[in-house]
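Visitor: Hi, I'm new to this one. Could you put it on screen and walk me through some parts of it?

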Amino acid sequence: MKWFLLFAVALGLGLAAASSDSQSDSDASSESGIQFESGYNYYRLPTSLRPQKYHLRVLTQLENPEDLRFTGSVRILIEALENTKNITLHSKNLTIDESKITLSHISGGEKKDNCVSSTAVNPTHDFYILNTCQELIAGNVYELFLPFAAELNRQLEGYYRSSYKDPVANRTRWISVTQFEPASARLAFPCFDEPDFKAPFVVTLGYHKKYTGLSNMPVKETKPHASLQDYVWTEFEESVPMSTYLIAYSVNDFSHKPSTLPNGALFRTWARPNAIDQCDYAAEFGPKVLQYYEQFFGIKFPLPKIDQVAVPDFSAGAMENWGLVTYREIALLYSAAHSSLADKQRVASVVAHELAHQWFGNLVTMKWWTDLWLNEGFATYVASLGVENINPEWRAMEQESLSNLLTIFRRDALESSHPISRPIQMVSEISESFDQISYQKGSTVLRMMHLFLGEESFRSGLQSYLQKYSYKNAEQDNLWESLTQAAHKYRALPKSYDIKSIMDSWTLQTGYPVINVTRDYTAKTAKLSQQRYLLNTEIARAHRGGCWWVPLSYTTQAEQDFNNTAPKAWMECGKEGQSLPKTIKDLPGADQWVIFNTQLSTLYKVNYDAQNWKLLIETLTGGDFERIHVINRAQLIDDALYLAWTGEQDYEIAMRLIEYLQREREYLPWKSAFENLKRVGRIVRQTPDFEFFKRYMKKLIAPIYEHLSGINDTFSSIQQQDQVLLKTMVVNWACQYQVDDCVPRAVDYYRRWQAEANPDEKNPVPINVRSTVYCTAIRHGSDADWEFLWTRYKKSNVAAEKRTILTALGCSREVWVLQRYLELTFDPKEAIRKQDSMWAFQAVAFNEVGFLLAKKYFMDNVEFIYKFYHPLTKDMSRLLSPLSEQVITQTDFNEFKDFVNNSRQSLKGLEQAIQQTLEIMLTNVQWKERNYHQMSRSIQQLL
């Protein structure tokens, strides 16, 4: 990407009579002289003008790989809401021929000729400012014509290039596609690039007739290009009013698979021709979930067609462009012969997420990126409802809910976390908001609200919100209003409560509470108090303020009613935001436990008094433990291990509690335990006491490994889908800790694959354990084993399989192999696409031999890595998590802190990720100093 001058520049030419060769680059350089740098420096566009309609024409030339480019023009109808002497819009990295800019008066008042007298730029905010010859008058409508040109970039944003290998002709095929969210439409055409400036679009694409042109709307007409032989212009129907970040178009030579939607929109799924057979699943699932949403939201899908496209090079997971949804291949394509159940569930989940956006995000859009979570949290939550509705046998709702909670219990316990709804003042800050807080925490608090409001109020409130703000923009307070009205109508909340007070406590402050439950066994009551839960134990309790409105659901040993997630009481906050004390009455005596937060319906941890923990441990280890709901079993494991980590609980209690896992046969509690033990394991494996931890893990895993028939291929006989996931996970851990016959059997599977005459066609390794088998064979294997798998990677045609292989290649224990792998990961001439590079890096860095190599590689090459990812620094931030999880000494922590201070330039845009990385490292150092010996002792007692 070429860098432009970012310092103030001097006077530009008067443009009313500019010479014909006058060209300008709308960043800050210009070919015809130099422009003003604008004095307007607020980060939002002025509100004096509103676009009424865009006519966008783009000609894309894909024939010459040495020079892939586009030229175009945009005609924008603009209404003046106030008098103004300039038009300020967004434009970035576009060459604009200023001699061809025109401005005309269309309607309102007396018609006057108008023109553009000079232009200025503000590179900080990507503003392109056109000063007008005559003042624009409020109430009048004007038409602005702007021509533009640029290369199809390689940065995976704006209007960019992607390619794939045609295996028959052995040629590289080029395609073009857009990715505009959050603020990259300005890289493709000059526009008012903020979500609140909605307008209808008429898109016309020019391209060689051997290609297909796609956009948000159906084709209106195609006709030959006047001067370019074999080129056509395809005009698409006028769109509904929409935000610029949802505009999309692509020129490609893809094939498609149509789906039938009874009296609904035309539905098509597109992919490169040699992957079209992998579209069947998404083409079948997509229409089902679209119909579910039409019924759930009470509003029909508003466009005449919807296309979903698998793009070979794509930076996000997927993008919900209205009527033209784009995906990474791994998120849309599914091959029964190569993709595991987890891969299939991922496709369902991503498709459901993007199609939920067609209502939440596209039909009703947030006013500004502060409320991005309204888009992402909602799409995440509603997607899990959609998947649950279509595939109830997966138990996806439980899995997704627990998975989100486990993620947020970790991320939001950092002081450097942030509120769900947070102010955004720079474009660079927007992309940092596409994180676990907006998605998973957003989804978690919506689930909490759904559970305390009940089905009727929740749906009725959502439907009235969507109807009221259709084709408009809204803020979170608008949603709270609609839901409060519904809650009072259906008596789901007392009249004195309103959704805003409750939900603001969850969306406007960082973190979540731990609720301390202290029972008085003679009075049969419990005193409850709350404070923010933080991993950093150096922060004094006095600074752990905050108050959350907490719906309290609970059940007792006698009652065991885990299906009732409705609150029996509330923890409330006072006018000053202070936490009000709460006492719960009518609890059982000293021989019966109480469990708060049934089915983990709300985002909080619970710490009980010693007697209640003792009663819970007795039921888990010796009693009828299955009568405790499976999600609450996962909760008890997670709470006990976290509270032990931060010292609010004894490791002895936590380790005694998880002893019960030897009896556990369900997926969720094991997932909860493994997530926690993985973090402890990454620290302990760097210490002398790892031998005890290893023996302990073997003892813990052996019974469930045996129960599931080990690594043997019993998958076809497993009735419950989540048991497939359990077996996949247990086998992975069993091979890591060399339980029973896991390693020799895995190596044997790999040898059988190597012995196949055509290993790319025939693979005897059971699909669901391939990641474990590959990793184990590479870990215990030779250079030849590594080369065999690398060859399979290069020949594979399935994205999910490629990711599995990429991760397994990092399992080697040979230093030189890992070093070479790191280098080829970031070599553009090699076979790994930029979007996949982080999987390879993470695989090396999470490997105990590779960790130090990866850390050194990152620190030595940070400038090169920054340039490699720029401007998509989000992908670079993902390289940090394996480093943060494994730094455990004060010396290494200090070294990394110094490195960060000396590398500020190469870590620009990663501020949030860096802060969180340093905080996680610090909490590891604290844990090692405080808990390491205590934990080790507890484990030795259990062996």
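Visitor: Let's start with helix 23: is it mostly covered or mostly uncovered?

Guide: Helix 23 (residues 850-860) is mostly covered, with eight of its 11 residues buried. Buried means under 20% relative accessible area, exposed over 50%, and partly exposed in between (1.4 Å probe, protein chains only). Before we go on, this is a predicted model, where local features need pLDDT of at least 70, side-chain atom pairs count only at pLDDT 80 or more, and totals for chains, interfaces and linings use all residues. Residues are numbered from 1 along each chain as its sequence is written, and side-chain values use heavy atoms, with hydrogens and water left out.

Visitor: Good to know. And which residues of helix 23 are buried?

Guide: Gly850, Phe851, Leu853, Ala854, Lys855, Tyr857, Phe858 and Met859.

Visitor: What covers them?

Guide: The cover includes helix 21 (815-825), helix 22, helix 24 (862-869), helix 25 (873-877), helix 26 (881-886) and helix 27 (890-902). Helices (H or I, at least four residues) and strands (E, at least two) are DSSP runs, numbered from the N terminus.

Visitor: You mentioned helix 22. How does it pack with helix 20?

Guide: Helix 20 (residues 799-808) and helix 22 (residues 837-846) pack at about 30°, and their axes are 7 Å apart. Axes here are lines fitted to C-alpha atoms, for helices over the stretch in contact, and angles run from 0 to 180 degrees between N-to-C directions.

Visitor: Which residues make that contact?

Guide: From helix 20 there are Arg803, Leu806 and Thr807, and from helix 22 Trp839, Ala840 and Ala843. Contact means heavy atoms within 4.5 Å. By class, that contact has four nonpolar residues, one polar and one charged. Ala, Val, Leu, Ile, Met, Phe, Trp, Tyr, Cys and Pro count as nonpolar, Asp, Glu, Lys and Arg as charged, and the others, Gly among them, as polar.

Visitor: And at what angle do helix 18 and helix 19 pack?

Guide: Helix 18 (residues 770-779) and helix 19 (residues 783-795) pack at about 145°, with axes 8 Å apart. Tyr774, Ala777 and Ile778 of helix 18 meet Asp785, Trp786 and Leu789 of helix 19. Five of the residues in that contact are nonpolar, none is polar and one is charged.

Visitor: Switching to strands. Why is strand 20 called largely enclosed?

Guide: Because seven of the seven residues of strand 20 (residues 305-311) are buried. Lys305, Asp307, Val309 and Val311 point one way, while Ile306, Gln308 and Ala310 point the other way, and all are buried.

Visitor: Which way does strand 19 run relative to strand 20?

Guide: Strand 19 (residues 266-271) and strand 20 run parallel, joined by five bridges. Two strands count as paired if DSSP finds at least two bridges between them. Phe267 stands opposite Ile306 of strand 20. Strand 20 is also joined to strand 22 (residues 324-328) by five bridges, again running parallel, and there Gln308 has Val325 as its bridge partner.

Visitor: Last one. Is Ile390 buried or exposed?

Guide: Ile390 counts as buried, at 19% relative accessibility. Ile390 belongs to helix 4 (residues 372-390). Leaving aside neighbours within four places in sequence, Ile390 is in contact with Phe285, Lys288 and Val289.
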